[in-house]
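Please have your viewer open and follow along.

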Amino acid sequence: MHKKTMEDYVPNVSKASGPGVDFSYVGIDAILEQMRRKAMKQGFELNIMVVGQSGLGKSTLMNTLFKSKVSRKSVQATAQEKIPKTIEIKSISHDIEEKGVRMKLTVIDTPGFGDQINNENCWRPIMKFINDQYEAYLQEEININRKKRIPDSRVHCCIYFIPPTGHCLRPLDVEFMRRLSKVVNIVPVIAKADTLTLEERDFFKKKIREELRANGIDVYPQKEFDEDAEDRMINEKIREMIPFAVVGSDQEYQVNGRRLLGRKTKWGTIEVENIAHCEFAYLRDLLIRTHMQNIKDITSSIHYEMYRVRRLNENNTVVAHANGMPEHHLESEEKFDSSCAASRF
Amino acid sequence: MEPTETDGGIMEQPKNLEGYVGFANLPNQIYRKSVKRGFEFTLMVVGESGLGKSTLINSLFLTDLYSPEYPGPSHRVEKTVTVEQSKVLVKEGGVQLLLTIVDTPGFGDTIDNSNCWQPIIDYIDNKFEGYLNAESRVNRRLMPDSRVQCCLYFITPSGHGLKPLDVEFMKRLHEKVNIIPLIAKADTMTPEECQLFKKQIMRGIQEHKIRIYQFPETDDEEEMKMVKRIKDRLPLAVIGSNTIIEVNGKRVRGRQYPWGVADVENGEHCDFTILRNMLIRTHMQDLKDVTNNVHYENYRSRKLAAVTYNGVDNNKSKGQLTKPETSDGMSPLAQMEEERRDHVSKMKKMEQEMEQVFEMKVKEKLQKLRDSEAELQRRQEQMKKNLEAQHRELEDRRRQHEEEKERWEAQQRILDQQKLDNSRTLEKNKKKKIF
């Protein structure tokens, strides 16, 4: 008399699954592990642009965010900081690694923005830069022999620094954000927030939110790209807090026996990571810990696609002939591509 | 004692008096008269919006110049730079001060800030001119002095030095008014950052040869020490606040943060007390004197020299200036005539040029319109032709269809006829059969 096993009762079960194994487990969820391993091997790319007047603490904030000297000032040591006569765009790349995960971080700085007496069209060089990045990616994409992994230099996120006047947005801020919220994800922050008391901060934030709404400026996280109720809930909470009031610092001080990043003044020490003092921790969580992938997705599937559609429509014949394809084939290609891109990693 | 005399007849040695004459009482007389008359002071504040100018004014004079019922310029967004003045009468210890605050909302706030200093320059010149006219009048008993005696310029605490706008403004105004540069919202910076920033600003000021208000040299040791202390801390970094907070049982004016309280009157926290002492308690008279003796005189000599040299008054003055002397034997009227003629001819030339340009543009536009019209015509013709072709085609088909129908009907009729014939013959046969 042999021992009755599962196989006797259910003869259709393959012999591969041994006795005592839960045969209803297929192993689909192991794909998460495979993706993780692949992502770690490939590494990530992140391109952040910082825009704001000089002296608002942009470079310090970047250093604080990534806990290392990634800003332009730390890399190019200039003896004296001179305000450039025109806007320049400088990008610095770093390879940073944490727990086996590699990331290529590019910080794009815009010295000279808003510093001149006449700041008309100061957003033009920046828009041109962003569109150039999209263009470069597009050219790579429509190549006949294209690389397996196209190097992604598109600007994923643009952090806009609002000076802490405490009253309302300046015309320059409104103009800039209006034009750029259509091509890139904008995250507005209140710079040097240690100037404002808590009441002034709340008042200022409320004024800013009102003005953004009144001008129809959609900053990240955009309402229309919320995918489901859970997303909406999380994003609503974030939307109630923007713009984040941040303080940056790359110096450590001793506070209550611990060494913390902060700013020491005669009347107290401001701790950067203390959420009672400033909202830097929220910004860091948003940008890095929770929403980084979402930011990249929105850039590639929405902003980039909009650019692509616009470009391909205006240059329909040129592109078609370049690829040896007749025009009507191109139209169907587009639809196929956009659905492809939505699921692209 | 023999007085020694020089060539100019000036006494070199002060004379010692034998008894008490009493003119040592003169300062007291002046003092009493001044107190009765009261003082006037005009202060101008310039800076971008949101730098705390109104708060600072309220803190300096401990009044509510800008209150909830009369909100300050910070609560309005201005499209152009305007110059507004508000007067307040402050009394303290029997002395009254008529304080005029001149505010400049909209300065540096728009996207294009070129010439945002022009309204301010115009205002200051206007006040000087008003005083000049009042001075030249025959009856000058009541001479109100509304000249701007001091200008507080607020620098944004960027930590990077002077902005191009700051430099431009100060360069244009340092010869017209006493400029005192201040670092606004000084609680943004740590003490080290503040020191560095101050050095950068002073360096920038020297580089661009901007002449800010200089404290006068005195012989007094004590005063010199105090002045030196102020000079070391230029430009003054200030914080303003009118809210009172309890700190360690003491009530102080300050700003409350989650990490501490920034005390406005604490010399370690900011330079507000220095500013207040300097502006009100020690140097107010000196500011007025410098304005009167230096800036106003500059303006006056420039204006009068311009009038006498050209023989034409380029600045239309409403007052009664003395008849200017003419040089070159040209009467002022003739000069005016010539100028007017030049001006008119210039205008005519400009008008002609503009008309030419306009004509050219009109021609171009007409050409374009004609082209597009031709294009449209062509398209219309083509479409009409297409339409007609289609119409004809349809007509043909219809005709064909009609013909077919007719044929078919004819056939049907023949068939019908045949059927009828057949049925008749059948009947006939039937009948025959029956018979």
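## About the model

This is a predicted model, in which local features need pLDDT of at least 70, side-chain atom pairs count only at pLDDT 80 or more, and totals for chains, interfaces and linings use all residues. Residues are numbered from 1 along each chain as its sequence is written, chains are lettered from A and ligands numbered from 1 in the order in which they are written, and side-chain values use heavy atoms, with hydrogens and water left out.

## Chain A overall

Chain A holds 12 helices and nine strands. Helices (H or I, at least four residues) and strands (E, at least two) are DSSP runs, numbered from the N terminus. Of the 345 residues in chain A, 46% are buried; buried means under 20% relative accessible area, exposed over 50%, and partly exposed in between, with a 1.4 Å probe and protein chains only.

Taking contacts in chain A between residues at least 6 apart in sequence, 68% join residues at least 24 apart, where contact means heavy atoms within 4.5 Å.

## A pair of crossing helices

Helix α5 (residues 124–141) and helix α10 (residues 292–314), both of chain A, pack at an angle of about 80°, and their axes are 10 Å apart. The axes are lines fitted to C-alpha atoms, for helices over the stretch in contact, with angles running from 0 to 180 degrees between N-to-C directions. α5(A) and α10(A) are therefore roughly perpendicular, a label for angles of 65 to 115 degrees (under 35 is roughly parallel, over 145 roughly antiparallel, the rest oblique).

On the α5(A) side, the contact includes A:Asn131, A:Tyr134 and A:Tyr137, while α10(A) brings residues including A:His303, A:Tyr304 and A:Tyr307. By class, this contact has five nonpolar, four polar and four charged residues. Here Ala, Val, Leu, Ile, Met, Phe, Trp, Tyr, Cys and Pro count as nonpolar, Asp, Glu, Lys and Arg as charged, and the others, Gly among them, as polar. Ring pairs also link A:Tyr134, A:Tyr137, A:Tyr304 and A:Tyr307 into a cluster.

## Aromatic pairs

How many aromatic pairs are found over all chains? A search of the whole structure gives 14. Rings of Phe, Tyr and Trp (its six-membered ring) pair if their centres lie within 6.5 Å; planes under 30 degrees apart count as stacked, over 60 as edge-to-face and the rest as tilted. The rings of A:Tyr160 and A:Phe176 are stacked, because their centres are 4.9 Å apart and their planes at 20°. This pair links strand β4 (residues 157–162) to helix α6 (residues 171–180) of chain A. A:Tyr160 is buried at 1% relative accessible area, and A:Phe176 is buried at 0%.

In chain B, the rings of B:Tyr153 and B:Phe169 have centres 4.9 Å apart and planes at 15°, so they are stacked.

## Two asparagines

A:Asn119 sits in the loop between β3 (101–109) and α5 of chain A and is buried, with 5% relative accessible area. Beyond neighbours within four places in sequence, A:Asn119 contacts A:Gly114, A:Leu172, B:Ile111 and B:Asp112.

A:Asn215 lies in the loop between α7 (198–214) and α8 (229–241) of chain A and is partly exposed at 32% relative accessibility.
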